[in-house]
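Open the model in your viewer and keep the selection tool at hand. This tour goes stop by stop.

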Amino acid sequence: DNNTAGVVIEVNAETDFVAKNADFMAFVSTCAQTVMENAPADVEALKELKAAGTEMTVAELLQEKVLTIGENIQIRRFEKFDGPTVAYVHAGGKIGVIVNFETDVDTANADFVAYGKDVAMQIAALNTQYLNESDVPAEVINHEKEILVAQMKQDPKMANKPEQVLAKIVEGKIGKFYKENCLVDQE
């Protein structure tokens, strides 16, 4: 609530109908709160903990939800972030983004919250893969270059261009790749 920590959790159900069920969403919220309060190492450790606000373990509560809802439910993974954090949930919970900042700014400051939400919305909308160019693995860039070279070889307009011109075109297109896939390079 005060933007000093955050939890993102993936809990899977078999149908969208169940995923939108209030009982299911309350279970997910309870699991997230349990992670927030206890910071378990993994899903198995989470299941052994007493669920937030209950006398049952998360595993017992999960089993109860499977029986009452009548569908297989699985806690797949989670991550807890400490420090200045802003969350954004889109599409009824199908897309969730948590941005964890390195800053000394007051996390209750409305400008910080608005800025954090804008960054999180950008990530959700454009499916940003990397923070910056240095985070992109060399094999990803090499693969992109291979695709671009193959495309140019197929293009009759490019076939007769000198090798150094093609190399400059590839580098320009790699720049566009960075602008599309690196958060700090996006508009």
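This is a predicted model: local features need pLDDT of at least 70, side-chain atom pairs count only at pLDDT 80 or more; totals for chains, interfaces and linings use all residues.

Residues are numbered from 1 along each chain as its sequence is written, and side-chain values use heavy atoms, with hydrogens and water left out.

**Stop 1: Thr 85**

Select Thr 85, in strand β3 (residues 85-90). Helices (H or I, at least four residues) and strands (E, at least two) are DSSP runs, numbered from the N terminus. Is Thr 85 buried or exposed? Thr 85 is buried, at 3% relative accessible area. Buried means under 20%, exposed over 50%, and partly exposed in between (1.4 Å probe, protein chains only). Now show the backbone oxygen of Gly 83: a polar side-chain atom of Thr 85 lies 2.7 Å from it. Contact means heavy atoms within 4.5 Å.

**Stop 2: Thr 107**

Move to Thr 107, in the loop between β4 (95-100) and α5 (110-126). Thr 107 counts as buried, because its relative accessibility is 10%. Its side chain reaches the backbone oxygen of Asn 2 at 2.8 Å. Leaving aside neighbours within four places in sequence, the contacts of Thr 107 include Asn 3, Pro 84 and Phe 112.

**Stop 3: helix α6**

Select residues 138-154, helix α6. Its 17 residues reach 25 Å from first C-alpha to last, close to the expected 24 Å. The expected span is 1.5 Å times one less than the number of residues. Which residues of α6 are buried? They are Ile 141, Leu 148 and Met 152. These cover an arc of only 35 degrees around the axis, so they sit on the same side of α6. The arc is taken from the directions from the helix axis to the C-beta atoms. Turn to the other side of α6 to find Glu 139, Glu 146, Lys 153 and Gln 154 exposed. Then show α7 (163-181), which is included in what covers the buried residues of α6.

**Stop 4: α2 and α4**

Finally, select α2 (residues 22-38) and α4 (residues 58-70). They pack at about 170 degrees, with axes 11 Å apart. The two helices are therefore roughly antiparallel. Color the residues that meet: Phe 24, Phe 27 and Cys 31 are among those in α2, and Leu 61, Leu 62 and Ile 69 among those in α4.

Definitions and conventions: A polar contact is a pair of N or O atoms within 3.5 Å; within protein, one must be able to donate a hydrogen and the other to accept it, and residues adjacent in sequence count only if both atoms are side-chain atoms. Axes are lines fitted to C-alpha atoms, for helices over the stretch in contact, and angles run from 0 to 180 degrees between N-to-C directions. Angles under 35 degrees count as roughly parallel, over 145 as roughly antiparallel, 65 to 115 as roughly perpendicular and the rest as oblique.
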